Amino acid sequence: MPSPPRACAEINLQALDHNLSFARQHSGQQTMAILKAGAYGHGLVNFARHLDSKGLPYFGVANVYEARQLSDAGIQTPIYLLGATFPEEREEIVQCGWTPCLSSLSEIDDFVRLCAKHNRSLTAHLSVDTGMGRGGFLPDQIPSALNHLALPQNKSIELKGIGSHLPSADEDEDFTKSQFAAFDHLVREHFAQRENFHVHLANSAGLLDYRSTTTNLVRPGLLMYGVSPLAEWQDQLQPVMTLKSRVSLVRNLPKGHGVSYGRTSILEKDSAVATIGVGYGDGYPRNISGKGAHILINGKAAPILGRVTMDQIMADVSHLPDCQPGDEVELFGPNLSVTQVAQWADTIPWEVLTRITPRVTRIYST
Ligand SMILES: *Cc1c(COP(=O)(O)O)cnc(C)c1O
């Protein structure tokens, strides 16, 4: 009989369903489920299988490595590649029928060449850079991109959509509003007549707080996982992942004893100290050390003592006399938000979630 895992991530697929319905209702648009980075650490193929029957127009992934995992698993939902592609990846993209977004005329030419080689056509979207600075045609380059795609020799590329990305929808309202206006203007000018055409701009923060007059598709990531980039919407969402571990030891240590590497924590009084089986080797951020962070042991807050080590952390349980080995620990989840953990660690919830390592057993429940 294998022993239970020391650290596990419980993944609540019902919460995912709730968040997805919220995204659909709140935006009134179709949803591209963003599944990059292993579904933000939640498990790419498991999430794709769960969502495959929900009639979503696309799954958004970062690269061909992730696209291949979905195709190999027999996923039927069309696969959209969110980022620029490398030349060596394009043959596989054409052969597998994934949907790239296009940022340059030379990419178009390369895809056309590969379509001819394999006697195939390719569905693609145009990417337009309205301020992100990571990819896409600049707005004033869109007419020449459209002219290029209209040439008879480029017919193998079927343009099915246009998208852009928001760099600061959770930080800069004025800029984001101007981006929506610029994007809507561009779409009205050049794409108004198209049918069965996907027009998309909003990530999680964009769909929560902004409205476009032209888009028909949103691309939520973080929000689907039950974490709001904007605090005022958190109540509407249900966190999907709960990172858990267990207490392995509880010991009484005397005043003046140091705890963990570097002895940054010296006990100010005789204390009960619990050792917990999770560390930065599981993705729990080492940078949280010394920031006043806490964990929940049987639902009660216990302050972390000293540095996070690779495989274990220590917490003060002097105020929890019943605490004993085996007790359940919540590192983050419904009762302690990953956003709070990220703030303690001077980072963002996206990073905390995507850094949970493979050593953490994912346990799915519906
Ligand atoms: C990651 C990503 C998203 C999702 O962003 P969230 O803030 O997690 O909702 C949407 N669009 C693109 C292009 C992305 O790269």
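Helices and strands are named here as DSSP runs, numbered from the N terminus. The model described is predicted.

**Nonpolar cores**

- The largest nonpolar core holds 111 residues, of which Leu35, Leu126, Ile162, Ile276, Tyr284, Ile295 and Ile297 touch the most other members.
- Helix 1 (residues 13-27) supplies the largest share of this core, six residues.
- Both domain 1 (13-235) and domain 2 (241-365) contribute to this core, with at least three residues from each.
- Apart from this core lies another one, of six residues, and Leu253, Leu267, Val273 and Met314 are among them.
- In soluble globular proteins, nonpolar side chains tend to be buried together.
- Beyond its neighbours within four places in sequence, Leu126 is in contact with several residues, including Leu102, Phe137, Ile142, Leu159, Ile162 and Phe191.

**Helix 4**

- Helix 4 spans residues 64-72, and its residues Val64, Glu66, Ala67 and Leu70 are buried.
- Viewed down the axis of helix 4, these buried residues fall within an arc of 160 degrees, so they line one face of the helix.
- Tyr65 and Asp72 are exposed, and they sit on the face of helix 4 turned away from its buried side.
- The packing partners of the buried residues are helix 2 (36-40), helix 3 (44-51), strand 3 (58-61), strand 4 (79-81) and helix 5 (90-96).
- Where helix 4 starts, the backbone nitrogen of Tyr65 has a side-chain oxygen of Asn63 within 3.2 Å.
- Gly74 follows helix 4 and has a positive phi, near 80 degrees.

**Val278**

- The loop between strand 13 (271-276) and strand 14 (294-297) contains Val278.
- Val278 has a relative accessible area of 0% and is therefore buried, the cut-off for that term being under 20%.
- When neighbours within four places in sequence are left aside, Val278 is in contact with Ala7, Ser245, Tyr284, Asp311, Gln312, Ile313 and Leu331.
- Thr309 is 31 residues from Val278 along the chain, and the C-alpha atoms of the two are separated by 8.4 Å.

**Ligand surroundings**

- The ligand is surrounded by 13 residues, and the closest are Lys36, Tyr40, Ser204, Gly221 and Trp350.
- Tyr40 places a polar side-chain atom 2.6 Å from an oxygen atom of the ligand.
- For Ser204, a polar side-chain atom lies 2.5 Å from an oxygen atom of the ligand.
- An N or O atom in the side chain of Trp350 is 2.8 Å from an oxygen atom of the ligand.

Conventions. Residues numbered from 1 in each chain as written. Predicted model: local features only at pLDDT ≥ 70, side-chain atom pairs only at ≥ 80, totals over all residues. Heavy atoms only, no water. Buried < 20%, exposed > 50% of the residue type's maximum accessible area, 1.4 Å probe, protein only. Helix = DSSP H or I, 4+ residues; strand = E, 2+ residues; numbered from the N terminus. Arc of directions from axis to C-beta. Contact = heavy atoms within 4.5 Å. Polar contact = N/O pair within 3.5 Å; in protein donor to acceptor, adjacent residues only side chain to side chain. Core = buried A, V, L, I, M, F, W, Y, C linked by side-chain atoms within 4.5 Å. Domains from an automatic or database assignment. Near = heavy atom within 4 Å.
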